[in-house]
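Student: I have just opened this entry and would like a guided walk through it. Could we go over it together?
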Amino acid sequence: MSTGDAQYIKNLNRRILIEHVIKEQTLSRSDLARVTGLNKATVSAQISKLIDDGIIRETKVGHIDSPGRKPILIEMNGQAGYSIGIDIDANEFRFVFIDLKGKPIERKVVPIDQGDVDEIISIIQYHLKPLIETYNESHKPIGLTGIAVGIHGIINSYDQIVFTPNQKWQYSNFKSKFEEVFNVPVVIDNNANLSAYGEQVYYENIQDLFCITLYSGIGLGIINNSKIYRGYDGFAGEIGHMVVNPDGELCSCGNKGCWELYASERALRNRFNAKFGSMPQNPAEIFEKPKYESELDSYIQYLAIGLNNIINIFNPQRIVLNGAMINQNPEVIQSIERHLKSKINSYETIHLSHLGEFACALGGAALVLKNYLNINTLDFVEYEYFNSHEKSAWT
């Protein structure tokens with residue numbers, strides 16, 4: 001076997017071991033050897049190196065029924081480092097810090113005015129730099145592993161911003177600018193892609209998942225074979241610009257009658273403002289007051305039209321809907337499904353997001369962590385980071 005082959009096998013074994021430690025949370029070296037099929041010498045050598053690197057730590061002594069030395073358990077070393085996910089929307093940006101165990105340790109929403117790319121980066125730098133200095137001191141020896149930025153627009157395969165409908169950005173060196181400011185690896189991706197990845201990592205441990213975001217526009221994130229599907233040039237998922245009314249309103253993309261002009265939550269808000277003067281501050285009122293019934297029915301009908309097209313084209317296993325209004329009104333799912341009566345519709349479930357407005361930032365931070373660890377999958381589904389009280393705060 002050549003040196004290259006030996007290094008490949010070594011890296012493969014490392015990847016397998018880290019993935020199992022993450023998924024199982026705590027286990028012994030003997031357990032790792034058993035579940036991975038690797039011999040004990042290989043496991044011991046790899047784990048020793050990961051402990052030296054600060055990625056894994058010994059945590060406590062396990063329990064066994066038979067006499068003899070009790071096994072020492074190992075786990076990911078959450079305090080060794082962290083990653084950051086950022087979601088830049090039209091009028092605000094959100095960020096989340098997660099540690100090496102995937103635990104959210106910092107999050108915030110910051111209002112912003114419309115501005116050019118350099119202005120927005122400066123604002124983000126102002127808010128994040130002090131926190132980064134603090135967490136670099138508390139999370140050693142690794143510190144900040146990288147940053148992911150979710151953009152509400154088209155990102156090509158070269159990490160370039162092709163177009164953002166809200167800010168009208170076209171910016172080719174966004175990634176390099178971010179890396180220059182923060183001096184860490186940076187990932188740039190569409191917000192819907194990162195939202196889908198966040199749902200998969202924290203709640204949906206399946207290979208086939210669609211996440212549809214409904215906030216200022218409509219985006220589709222696709223998880224296929226446990227990976228983000230981006231298409232030929234990175235444009236996959238721009239489903240908000242699917243035409244549902246060819247004689248409809250003019251869209252900023254150049255077409256008429258795009259889906260997001262009728263089924264995004266911004267579109268619903270605009271319709272309420274035009275007809276009633278404002279949108280109810282409590283989203284539950286939309287479903288409770290008869291005077292809103294006509295506008296709500298029209299919105300749900302258009303939402304269902306687009307969903308019907310997506311289901312018929314892609315045949316997804318699960319669909320996650322994520323929007324500020326819809327997340328607080330689970331009964332809307334039943335209303336949507338009443339419109340999905342085609343005999344060729346086939347999907348497992350449609351349900352609301354568990355992560356809400358922070359799905360993109362969480363997914364971005366998780367993607368950075370996956371890249372840093374050089375593994376294929378992350379699985380935090382069994383980690384109890386969101387109990388019922390905390391979950392309501394996130395959504």
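Student: Which residues does glycine 257 touch, not counting residues up to four places away in sequence?
Tutor: Glycine 257 touches Met242, Val243, Val244, Asn245, Gly248, Glu249 and Tyr262. A contact here means heavy atoms within 4.5 Å. Please keep in mind that this is a predicted model: local features need pLDDT of at least 70, side-chain atom pairs count only at pLDDT 80 or more, and totals for chains, interfaces and linings use all residues. Residues are numbered from 1 along each chain as its sequence is written, and side-chain values use heavy atoms, with hydrogens and water left out.

Student: Where is glycine 257 found, and is it buried or exposed?
Tutor: Glycine 257 is in the loop between β13 and α7. Its relative accessible area is 0%, so it is buried. Buried means under 20% relative accessible area, exposed means over 50%, and partly exposed is in between, with a 1.4 Å probe and protein chains only.

Student: What separates the C-alpha atoms of glycine 257 and methionine 242?
Tutor: A separation of 8.2 Å, for two residues that are 15 apart along the chain.

Student: Let us step back. How many helices and strands does the protein have?
Tutor: There are 14 helices and 15 strands. These are DSSP runs numbered from the N terminus, with helices (H or I) of at least four residues and strands (E) of at least two. The radius of gyration is 23 Å, close to the 21 Å given by the globule rule for 395 residues, so the protein is as compact as a globular protein of that length. That radius is taken over C-alpha atoms, and the rule is 2.2 Å times the number of residues to the power 0.38.

Student: What does the C-alpha trace span, and how many of the residues are buried?
Tutor: Along the principal axes the trace spans about 75 × 50 × 45 Å. Buried residues make up 53% of the 395. Among contacts between residues at least 6 apart in sequence, 64% join residues at least 24 apart.

Student: Now the charges. How many salt bridges does the structure hold?
Tutor: It holds 18 salt bridges. A salt bridge is a side-chain nitrogen of Lys or Arg within 4 Å of a carboxyl oxygen of Asp or Glu. One of them joins glutamate 58 and arginine 29, with the closest N and O atoms 2.9 Å apart. Glutamate 58 lies in strand β2 (residues 56–61) and arginine 29 in helix α2 (residues 29–36), so this pair ties together parts that are 29 residues apart in sequence.

Student: What are the relative accessibilities of those two?
Tutor: Glutamate 58 is partly exposed at 42%, and arginine 29 is partly exposed at 22%.

Student: Which residue forms a salt bridge with aspartate 189?
Tutor: Arginine 230 does, with the closest N and O atoms 2.4 Å apart. Aspartate 189 is in strand β10 (residues 186–190), while arginine 230 is in the loop between β13 (227–228) and α7 (260–263), so the pair ties together parts that are 41 residues apart in sequence. Aspartate 189 counts as buried at 3% relative accessibility, whereas arginine 230 counts as partly exposed at 31%.

Student: Which residues are linked in a network of salt bridges?
Tutor: Asp87, Asp89, Glu92, Arg94 and Glu357 are linked in this way.

Student: On to the backbone. Where is there a cis peptide bond?
Tutor: A cis peptide bond joins lysine 140 and proline 141, with omega about 10°. Proline 141 lies in the loop between α4 (117–138) and β7 (143–151). Most residues other than glycine have a negative phi, and most peptide bonds are trans.

Student: What is the phi of glutamine 25?
Tutor: Glutamine 25 has a positive phi of about 75°, although it is not a glycine. It is found in the loop between α1 (3–24) and β1 (27–28), and it counts as partly exposed at 27% relative accessibility.

Student: And what about serine 226, what is its phi?
Tutor: Phi of serine 226 is near 70°, a positive value in a residue other than glycine. Serine 226 lies in the loop between β12 (219–224) and β13, and it is buried, with a relative accessible area of 17%.
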